[in-house]
Every structure is written in C-alpha cells, then in structure tokens.
Amino acid sequence: MASRMDSGLCLLLLLVVLCKCVEATEHLKYKNPSQPITARVEDLLRRMTLEEKIGQMAQIERTLATPDVMKNYYIGSVLSGGGSVPEPKASPATWMNMVNEIQKGAMSTRLQIPMIYGIDAVHGHNNVYGATIFPHNVGLGATRDPDLARRIGAATALEVRATGIPYTFAPCVAVCRDPRWGRCYESYSEDPQIVKAMTEIIVGLQGQPPANSIKGMPFLAGQSNVAACAKHFVGDGGTTNGIDENNNVSSFKRLVNTHMTPYVDAIEKGVSTIMISYSSCNGVKMHTNRFLISHVLKKQLGFKIGKVLTE
C-alpha cells in the first residue's frame with residue numbers, strides 16, 4: 001500500500017513539474033519559433049535590462065571574448081579584426097571550436113541570446129589558412145560579370161560557414177572617384193552602375209530571396225549561406241583628394257546618383273546589414289548623421305529591419 005502511495009505521489013510531482021515546464025515555455029514567447037517574429041522581439045525586449053540591451057549592441061574583438069566576458073557583459077557580437085586568428089595556420093575545426101566556446105559563454109546568460117560572429121571575408125575567406133582567395137573588388141569589377149560575383153559569393157559563404165561563422169563584413173560597395181584613395185582596390189568601379197550590378201555577390205552570399213519578399217527585409221537562405229554587409233554608407237569613395245576617412249563634399253543629388261545607387265540594389269536583394277562609413281559628408285561625421293541614416297537609409301530606402309552597424 002505504501003509503495004503504491006509513493007508511486008502515486010511521484011507521478012503527481014512529475015505532472016506538476018511538467019506543467020510548470022510547459023507554462024514556462026509558453027511564457028517565454030521569444031523562444032517559441034511558432035510565434036510571429038515581431039511578437040518574439042517585443043517579448044524579449046520587455047524582459048531585457050538596460051545592461052543587457054547595451055551588451056547586445058556591442059561587438060568586441062575575439063581576443064577579448066572570454067566566457068566570463070560574454071556572460072557578465074551580455075555581449076551580442078564578436079569579430080575577428082584584420083588578421084586576428086585563433087592560432088597560426090588554424091584549421092577550420094579550430095575556428096569552429098573557438099566560435100563554439102564563445103557561443104557557450106553567450107548562451108550561459110540569463111536570457112540565452114546567441115551571439116553573432118562576424119569576419120572580413122572580403123575576397124574569399126581571406127583570414128583563414130588554406131581558404132580559396134579571389135581577386136579584390138577592383139579586379140572583379142573589371143570583369144563586368146555580375147554572375148561571376150554571385151558564384152564567388154556562394155563559394156565564399158560555404159567556406160565561411162565551414163569555420164562556424166555566419167556573417168561576413170562584405171561586400172564593399174564604395175564608388176571610388178579618386179584613385180589616390182588608399183582603399184580604391186575595394187571598389188568595383190568608379191561607375192556606380194557597375195558597382196550596382198556587382199551587388200549580385202550578395203545573392204551568392206545570402207541566397208536568392210523569394211519573388212514575394214518584402215523590400216528591405218533581410219534574407220538568409222540557409223546553413224550554406226552567410227549574412228552579408230553592404231559598406232560603407234555613404235560616400236567613402238568620394239572624399240576630398242581621396243584622403244581616407246576624410247570629408248565627402250557633395251550635393252545631395254550627386255550623393256544619391258553616385259554613392260547611394262549600390263545601396264538601393266543591395267537593399268532590394270535583402271542585404272542583412274549595412275555598415276556606416278568612418279568618413280564625413282559635408283562636414284558631418286556619418287556616424288552622427290541622423291538625416292542620412294534615420295531619414296534616408298531607413299525611411300526613404302526602406303532599410304528598417306536589417307542591422308545598422310558602425311565601422
């Protein structure tokens with residue numbers, strides 16, 4: 001009799017625990033993939049503290065991303081700076097293990113928000129030993145072959161994902177108007193129409209958006225693709241005397257017709273992120289240019305949902 005009562009009590013306790021687990025899952029709407037994205041985002045934001053929101057907006061270099069830092073500061077993103085590697089001649093498995101360890105730190109936080117890792121895979125997965133290296137943008141632009149750019153994007157995406165990384169800071173869609181600019185090789189052309197055509201690399205990196213996709217909606221086809229980043233908004237290739245990080249003196253009409261043209265196409269292709277330029281426009285630092293970022297980029301060009309990040 002006592003044994004039967006003990007069994008009944010254990011069963012009752014188990015049912016209570018299961019009910020509590022189901023109840024907790026239902027309340028955590030942001031973790032429920034069957035819920036609309038907007039509802040999940042609103043639920044998550046409602047739960048976040050100010051410190052968590054600040055941490056999620058930060059992106060730190062991988063050498064600083066210890067498990068404790070990720071957990072204690074709620075870091076939302078990590079990157080490899082130029083030439084920053086886990087070890088010399090690191091294998092894809094070494095890269096993946098590093099990313100996974102950083103991710104474990106992010107997932108140990110209260111809300112378990114995954115971090116996103118980004119890297120400059122700008123002409124192939126160029127930070128990784130043994131990766132396929134493709135010509136810089138100036139060389140690809142000379143081919144006048146957007147489909148080649150698309151295929152290079154697809155090949156690069158495969159190699160980036162093979163190292164556990166889902167995000168690349170590419171492509172650079174600067175329109176270089178002065179060859180004295182030290183980063184002119186990152187530009188497909190001085191002709192904005194050629195640069196616009198070569199944004200087809202975004203389709204290679206991210207995948208082809210469906211025909212009924214909403215303009216300005218970021219798109220990522222699957223696990224063979226990576227999030228792309230159109231950079232640097234806007235006018236970085238047209239600074240005075242080609243001086244890097246300098247001032248672009250332009251009328252609004254010229255800025256739109258020359259330097260903004262590729263971004264229109266990038267947004268239509270579903271680019272996930274856009275990086276703001278380190279340069280200035282008519283004396284105003286782009287990072288503080290509310291008109292060009294909030295009004296033009298987000299409202300007029302329709303980039304309302306994707307991520308805007310700093311250089």
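**Figure 1. Cys176 and Cys184 are joined by a disulfide, with 1.9 Å between their sulfur atoms.** This is a predicted model, in which local features need pLDDT of at least 70 and side-chain atom pairs count only at pLDDT 80 or more, while totals for chains, interfaces and linings use all residues. Residues are numbered from 1 along each chain as its sequence is written, and side-chain values use heavy atoms, with hydrogens and water left out. A disulfide here is a pair of cysteine sulfur atoms within 2.5 Å, and the count by this rule comes to one disulfide. The torsion about the S-S bond of Cys176 and Cys184 is about -100°, so the disulfide is left-handed. Cys176 has a relative accessibility of 4% and counts as buried; buried means under 20% relative accessible area, exposed over 50%, and partly exposed in between (1.4 Å probe, protein chains only).

**Figure 2. Cys172 and Cys281: how far away is the closest cysteine sulfur?** Cys172 is in no disulfide, and the nearest cysteine sulfur to it belongs to Cys176, 9.5 Å away. For Cys281, the closest cysteine sulfur is that of Cys172 at 16 Å, too far for a bond. Cys172 is buried with a relative accessible area of 4%, and Cys281 is buried too, at 5%.

**Figure 3. Asn137 sits in helix α6, residues 137-143.** Helices (H or I, at least four residues) and strands (E, at least two) are DSSP runs, numbered from the N terminus. Relative accessibility for Asn137 is 6%, so Asn137 counts as buried. Leaving aside residues up to four places away in sequence, Asn137 touches Val122, Cys172, Tyr185, Glu186, Ser187 and Tyr188; a contact means heavy atoms within 4.5 Å.

**Figure 4. Arg183 and Glu186 meet through their side chains in a salt bridge, at 2.5 Å from N to O.** A salt bridge is a side-chain nitrogen of Lys or Arg within 4 Å of a carboxyl oxygen of Asp or Glu, and the structure holds eleven of these salt bridges. Glu186, also one of the residues that Asn137 touches, counts as buried at 11% relative accessibility. Elsewhere, salt bridges that share partners join Asp43, Arg46 and Arg47 into one network.

**Figure 5. A salt bridge of 2.8 Å (N to O) brings together the side chains of Glu52 and Arg110.** This pair links distant parts of the chain, 58 residues apart: Glu52 is in helix α3 (residues 50-56), and Arg110 is in the loop between α5 (92-107) and β3 (116-119).

**Figure 6. Within helix α7 (residues 146-161), Asp147 and Arg151 lie four residues apart, about one turn of the helix.** Asp147 forms a salt bridge with Arg151, and their closest N and O atoms are 3.2 Å apart. Asp147 is partly exposed at 35% relative accessibility, and Arg151 is partly exposed as well, at 44%.

**Figure 7. Three aromatic pairs turn up in a search of the whole structure.** Rings of Phe, Tyr and Trp (its six-membered ring) pair if their centres lie within 6.5 Å; planes under 30 degrees apart count as stacked, over 60 as edge-to-face and the rest as tilted. Phe233 and Tyr263 have ring centres 5.1 Å apart and planes at 90°, so the pair is edge-to-face. Phe233 lies in strand β5 (residues 229-233) and Tyr263 in helix α10 (residues 252-268), so the pair ties together parts that are 30 residues apart in sequence. Both Phe233 and Tyr263 are buried.
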